[in-house]
Amino acid sequence: MLRRDVVVIGGGRCNFTNLNTSPDNFISANPHFCKSALARYTPADFISLVEKHGIAYHEKKLGQLFCDDGSGRIIEMLLKECSEAGVEIQCRSVVSNVTKNAYFEVETENGAFASQSLVVASGGLSIPPLGATDFGYRLAQQFGLGILETRPALVPFTLSHQALSDLTTLSGISIAASVSCQGAEFRENILITHRGLSGPAILQISTYWLPGHSVIINLLPEHNALELLREEQNREIELANFLSQFLPRRFAQAWCARYFASQPLKRYTPSQLADIANKLNSWEVVPAGTEGYRKAEVTAGGVATHELSSQTMQTKKVPGLYFIGEVVDVTGQLGGYNFQWAWASGYVAGQSV
Ligand SMILES: Cc1cc2nc3c(=O)[nH]c(=O)nc-3n(C[C@H](O)[C@H](O)[C@H](O)COP(=O)(O)OP(=O)(O)OC[C@H]3O[C@@H](n4cnc5c(N)ncnc54)[C@H](O)[C@@H]3O)c2cc1C
């Protein structure tokens with residue numbers, strides 16, 4: 001477990017946990033399921049492991065902990081811990097089939113193995129070129145376990161051709177906004193891309209979004225736009241110039257060109273000002289879709305939690321069979337929560353096998 005993604009994050013510094021981890025940071029059909037594992041293996045437990053190995057780290061923002069020197073240090077740490085525990089690791093060995101008789105029999109490219117317990121940490125479907133497969137889900141189904149439909153999460157949105165044509169020249173512009181959907185709300189940056197919208201606030205909300213739904217973007221999260229506009233309603237200043245005090249100039253110009261022909265503020269009627277304010281504080285965008293598993297940081301859905309013991313991750317129907325990490329229907333928000341879930345669910349399974 002974790003080999004693929006820690007290496008991927010090698011370009012960065014590996015957001016290995018989050019100081020503020022709580023069950024509220026996870027999405028699952030059963031929001032209570034993750035509580036036990038998260039309580040038994042906390043960020044402090046992982047941090048003490050990191051410190052034991054002398055790995056320097058820092059908090060970047062919002063409780064997100066990163067290695068100072070790159071993710072390779074976390075891999076070294078995990079390999080050392082495994083070596084001390086006598087773990088044998090076989091890389092480049094695809095598991096093709098699993099059967100259960102007296103023992104689990106696992107067929108791989110490097111031969112067959114038999115064991116009393118089997119812990120499945122096959123991850124999600126994100127970024128297939130890096131080794132993601134649906135094997136864990138197929139295995140669960142083979143053993144008669146339910147699966148919650150999977151979908152890409154922590155993923156950029158794509159926009160329709162029409163919507164994009166208004167934004168196409170704005171690619172690369174970042175705006176501090178607040179984005180909401182289905183009762184969830186995140187206040188961070190959004191980023192306009194050449195295919196749609198990305199940035200931390202968009203990635204976060206994508207986990208809650210379902211096709212056809214709209215997302216609401218508050219472009220002025222620190223202001224009541226109507227009050228701002230009313231204070232200035234007798235001025236000659238043009239709307240786009242006025243908004244450029246709060247938003248990137250090019251965005252303000254394109255946004256006005258799309259929705260409200262920019263003119264001096266004093267020329268708008270009170271009802272037009274109310275419309276403008278409403279769109280500034282509640283800009284409704286209907287994504288055409290997402291960038292899919294190609295760009296998703298995680299996979300939402302997965303092995304149904306009611307099939308598993310929350311204390312151990314063991315399946316209720318098949319003694320000795322465990323599912324941990326991302327393959328389970330527990331999805332963390334952006335910010336180190338998915339690793340913390342992988343550590344915590346792996347720990348509780350490890351205590352049980
Ligand atoms: C680009 C990217 C960046 C990320 N950054 C962060 C971050 O900074 N912080 C964070 O908390 N989370 C991050 N995540 C999410 C995090 O990496 C995962 O949630 C976490 O690694 C899940 O751990 P896991 O052990 O369940 O699965 P994984 O780490 O995905 O490991 C599953 C492994 O099983 C292998 N596998 C699959 N099928 C088979 C098979 N049939 N036979 C043999 N092997 C198989 C896969 O190749 C993979 O190596 C990131 C994800 C991506 C894609």
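**Entry 1: a pocket.** I looked up the second largest pocket and found 16 lining residues, of which A163, R258, Y259, W283 and V285 lie nearest its centre. A pocket here is an open set of points on a 1 Å grid over the protein atoms alone, with protein on both sides within 12 Å along at least five of seven lines, and a lining residue has an atom within 4 Å of a point. The volume of this second largest pocket is about 260 Å³, taken as the space filled by probe spheres set on the grid points, which are joined across faces, edges and corners. I noted that α6 (161–167), α10 (249–259) and β15 (283–285) each give at least two residues to its lining. Helices (H or I, at least four residues) and strands (E, at least two) are DSSP runs, numbered from the N terminus.

**Entry 2: what I am looking at.** This is a predicted model, in which local features need pLDDT of at least 70 and side-chain atom pairs count only at pLDDT 80 or more, while totals for chains, interfaces and linings use all residues. Residues are numbered from 1 along each chain as its sequence is written, and side-chain values use heavy atoms, with hydrogens and water left out.

**Entry 3: salt bridges.** I found 12 salt bridges in the structure; the term means a side-chain nitrogen of Lys or Arg within 4 Å of a carboxyl oxygen of Asp or Glu.

E81 and K52 meet through their side chains in one of them, at 2.9 Å from N to O. E81 is in helix α4 and K52 in helix α3 (residues 43–52), so this pair ties together parts 29 residues apart in sequence. I then checked exposure (buried is under 20% relative accessible area, exposed over 50%, partly exposed in between, with a 1.4 Å probe and protein chains only). E81 is partly exposed at 22%, and K52 is exposed at 59%.

Next I looked up E188 and K61, whose side chains form a salt bridge of 2.6 Å, N to O. E188 sits in strand β12 (residues 184–192) and K61 in the loop between β3 (57–59) and β4 (64–67), 127 residues apart. E188 is buried, with a relative accessible area of 14%, whereas K61 is partly exposed at 35%.

E307 and K317 make a further salt bridge, with their closest N and O atoms 3.2 Å apart. Both are in the loop between β17 (298–303) and β18 (321–323), 10 residues apart. E307 is buried, at 5% relative accessible area. I also noted that D69, R73 and E76 are joined into one network by salt bridges that share partners.

**Entry 4: a hairpin.** How many residues lie between β5 and β6 in their hairpin? I counted 3 residues between β5 and β6. β5 and strand β6 (residues 104–108) pair in the antiparallel sense over 5 bridges; strands pair if DSSP finds at least two bridges between them. T99 stands opposite E105 in β6.

**Entry 5: G301.** Is G301 buried or exposed? G301 is buried, at 4% relative accessible area, and its place is in strand β17. In sequence G301 and S28 are 273 residues apart, yet their C-alpha atoms are 7.2 Å apart in space.

**Entry 6: I89.** I89 lies in the loop between α4 (72–84) and β5 (95–100). I noted I89 as partly exposed, with 46% relative accessible area.

Definitions and conventions. 1 Å grid on protein atoms, 1.4 Å probe; cavity = no way out; pocket = protein on both sides within 12 Å on 5 of 7 lines; lining within 4 Å.
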